[in-house]
Amino acid sequence: MSIWSYANPVKFLALSARVQPVLWGAAGGCVCLGLIWGFFGTPDDARQGSTVKIIYLHVPAALMAINAWFMMLVASLIWLIRRHHVSALAAKAAAPVGVVMTVIALVTGAIWGQPMWGTWWAWDPRLTSFLILFLFYLGYIALWEAVEDPDTAADLTSVLCLVGSVFAILSRYAVNFWNQGLHQGTSVPVATGGRTVADVFWYPLLISMVGFGLLFIAMVFYRTGTEISLRRAAALRARSDGKA
Amino acid sequence: MLPELGKYAAEVISAYGVSIAMLLALVVLTLRRGRRARATLRLAEQEAKRDG
């Protein structure tokens with residue numbers, strides 16, 4: 001079966017109903033295990049003390065804040081090219097999850113930065129691009145709400161998503177591009193695999209990252225179903241009003 | 001029982017508190033909005049059936 005068959009809302013909802021119980025269970029299990037293990041079962045870092053425990057929240061949230069935007073980008077491109085409504089609704093459904101992940105990353109970063117850097121905030125390339133990404137999330141959500149016609153809203157938000165992708169990329173690679181600022185480079189470079197995190201911190205961090213990822217996917221499935229329900233209800237009401 | 005967090009206890013606990021509260025709020029609001037949307041759809045389908 002082609003992946004495009006899931007552009008049919010009925011097929012998408014059937015798939016969603018099958019995978020969601022597993023996704024929610026695995027997400028809850030991994031998030032709880034990763035955070036509990038990280039908080040209770042890992043030692044303090046020699047230089048950072050107990051603040052190292054913030055890594056189990058900060059890194060997974062930052063990772064998902066950026067990846068959520070990339071998922072929205074792919075869904076937006078599918079909408080612009082193939083006009084599949086489910087993909088536009090999936091992008092819309094992902095945005096509030098992405099914005100919460102961004103806020104968690106910004107807040108935990110500030111709380112972590114204060115004792116380590118001596119400041120809550122610095123206009124560092126990575127922090128600044130992350131803040132701009134947060135503003136793009138707000139703009140994206142506001143644009144969906146502001147435009148009444150859903151197809152026009154999907155078009156405009158898709159273009160906004162393309163533009164915002166620059167800042168999603170900068171959020172991830174700003175350290176490499178400018179090689180300055182307070183924020184350290186990534187501890188988990190996916191491309192090279194040369195992580196700088198010791199095993200004792202890495203395993204709970206990995207579980208937490210997997211948990212945040214699964215939680216994002218579970219919520220996007222559920223929220224896309226919500227958007228499909230609202231769209232269908234509006235269409236039925238419009239048809240009834242047209243007959244009356 | 002909390003682990004020994006030393007002089008950074010306030011920072012660590014507040015980071016966990018804020019993050020977990022936000023995640024829980026997101027899940028609860030997501031589920032509540034979903035239930036309302038599905039109820040709205042059921043009602044619209046019933047009305048559509050009734051109106052023929």
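Biologist: How many helices and strands does chain A have?

Modeller: Chain A of this predicted model has six helices and zero strands. Read from the N terminus, its elements run α-α-α-α-α-α. The radius of gyration of chain A is 20 Å, close to the 18 Å given by the globule rule for 244 residues, so the chain is as compact as a globular protein of that length. Along its principal axes, the C-alpha trace of chain A spans about 70 × 35 × 30 Å.

Biologist: Where does helix H1 of chain A bend, and by about how much?

Modeller: Helix H1 of chain A, residues 9-41, bends by about 40° at Val19(A). A proline, Pro21(A), follows within four residues.

Biologist: Which residues of H1(A) are buried?

Modeller: An α-helix has 3.6 residues a turn, so residues three or four places apart point the same way. The buried residues of H1(A) include Leu23(A), Ala27(A), Val31(A) and Leu35(A). Across chain A, buried residues make up 43% of the 244 residues.

Biologist: How is the packing of H3(A) and H1(B) described?

Modeller: Two packed helices are described by the angle between their axes and the distance between the axes. Helix H3 of chain A and helix H1 of chain B pack at about 175°, with axes 10 Å apart. Because angles over 145 degrees count as roughly antiparallel, H3(A) is roughly antiparallel to H1(B). Among the residues making the contact are Val100(A), Ile104(A) and Trp112(A) of H3(A), together with Val18(B) and Met22(B) of H1(B). The residues of this contact comprise twelve nonpolar, four polar and one charged.

Key. Residues numbered from 1 in each chain as written. Chains lettered and ligands numbered in written order. Predicted model: local features only at pLDDT ≥ 70, side-chain atom pairs only at ≥ 80, totals over all residues. Helix = DSSP H or I, 4+ residues; strand = E, 2+ residues; numbered from the N terminus. Rg over C-alpha atoms; globule rule 2.2 N^0.38 Å. Buried ≥ 20, exposed ≤ 12 C-beta atoms within 10 Å, placed from the backbone. Bend = angle between axes of the 7 residues up to and from the residue. Axes fitted to C-alpha atoms, helices over the stretch in contact; angles between N-to-C directions. Parallel < 35°, antiparallel > 145°, perpendicular 65-115°, else oblique. Contact = placed C-beta atoms within 7 Å. Nonpolar A, V, L, I, M, F, W, Y, C, P; charged D, E, K, R; others polar.
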